[in-house]
Every structure is written in C-alpha cells, then in structure tokens.
Amino acid sequence: MAKPDNREDNVEHLQDAVQDTIENFREAEDYLEEFGDEIPAEEKEQIEERNKRRRESIAGFREEIKDEARHQRDQ
C-alpha cells in the first residue's frame with residue numbers, strides 16, 4: 001500500500017534548505033572578497049555563476065514555502 005502524502009514538515013525542510021543555501025552564498029562571497037584578486041578568472045566566474053543559481057534557488061524555495069504554508073493553512 002502506498003504511503004500517504006505527509007507534508008507536515010515540508011516548510012521546515014524548505015527553510016533549512018534556504019538557510020543552507022544562504023550560508024553557502026555568503027561563504028562564497030566572503031571567499032571572493034578575500035581572494036578574488038588571487039584566483040584565476042575562470043574560478044571566479046564559476047563561483048559567481050554558482051551564486052547566481054543560489055539566488056534563484058533561494059527565490060524558488062521561498063515560493064515553495066509560501067505554497068506549503070498556504071496548503072497547511074487550508075487543511
């Protein structure tokens with residue numbers, strides 16, 4: 001028998017993912033600030049691209065959190 005869809009802790013998991021992603025973003029920014037002049041341009045570009053994707057992920061996570069919160073409220 002299929003396990004029922006339990007979405008009770010989805011918001012918590014999404015919030016954890018947002019926090020982890022923000023932490024990674026900040027660490028990368030700090031790294032660039034400290035070593036940006038010393039690392040190859042290609043590496044710097046890769047870090048900047050990763051952070052761009054992180055910003056997009058954070059926005060997506062936040063939308064999912066809103067959707068999940070709405071779903072839980074409507075239950």
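I began with Arg70, which forms a salt bridge with Asp67; their closest N and O atoms are 2.9 Å apart. I count a salt bridge when a side-chain nitrogen of Lys or Arg is within 4 Å of a carboxyl oxygen of Asp or Glu. The model is predicted, so local features need pLDDT of at least 70 and side-chain atom pairs count only at pLDDT 80 or more, while totals for chains, interfaces and linings use all residues. Residues are numbered from 1 along each chain as its sequence is written, and side-chain values use heavy atoms, with hydrogens and water left out.

**Entry: the Arg70 pair**

I placed both partners next. Arg70 and Asp67 lie in helix 2, three residues apart, about one turn of the helix. Helices here are DSSP runs (H or I, at least four residues), strands are E runs of at least two, and both are numbered from the N terminus. Arg70 is partly exposed, at a relative accessible area of 37%. Asp67 is also partly exposed, at 40%. My cut-offs: buried is under 20% relative accessible area, exposed is over 50%, and partly exposed is in between (1.4 Å probe, protein chains only).

**Entry: the Lys66 pair**

How many salt bridges does the structure hold? I found two. The other one joins Lys66 to Glu63, with the closest N and O atoms 3.4 Å apart. Both residues sit in helix 2, which covers residues 41-74. They are three residues apart, about one turn of the helix. Lys66 has a relative accessible area of 44% and is partly exposed. Glu63 is partly exposed too, at 42%. I also took a distance across the sequence from Lys66. Gln19 is 47 residues away along the chain, and the C-alpha atoms are 16 Å apart.

**Entry: the whole chain**

I stepped back to the fold. The protein chain has two helices and zero strands. Its radius of gyration is 17 Å, well over the 11 Å from the globule rule for 75 residues, so the chain is more spread out than a compact globule. That radius is taken over C-alpha atoms, and the rule is 2.2 Å times the number of residues to the power 0.38. Along the principal axes, the C-alpha atoms fill a box of roughly 55 × 25 × 15 Å. Buried residues make up 21% of the 75 residues.

I checked contacts, meaning heavy atoms within 4.5 Å. Among contacts between residues at least 6 apart in sequence, 71% join residues at least 24 apart.

**Entry: surface and charge**

The chain exposes about 6,200 Å², and carbon and sulfur atoms supply 43% of that area. Areas come from the Shrake-Rupley method with a 1.4 Å probe; for residues, only the protein chains shown count as cover.

**Entry: other residues looked up**

Where is Phe35 found? I located Phe35 in helix 1, residues 10-35. Phe35 is partly exposed, at 30% relative accessible area. Leu14 is 21 residues from Phe35 in sequence, and their C-alpha atoms are 31 Å apart.

Arg53 is in helix 2. Its relative accessibility of 45% counts as partly exposed. Between Arg53 and Phe25 I read a C-alpha separation of 9.7 Å, for 28 residues along the chain.

Ser57 also lies in helix 2. Ser57 is partly exposed, with a relative accessible area of 33%. From Ser57 to Arg73 I noted 16 residues in sequence and 24 Å in space, C-alpha to C-alpha.
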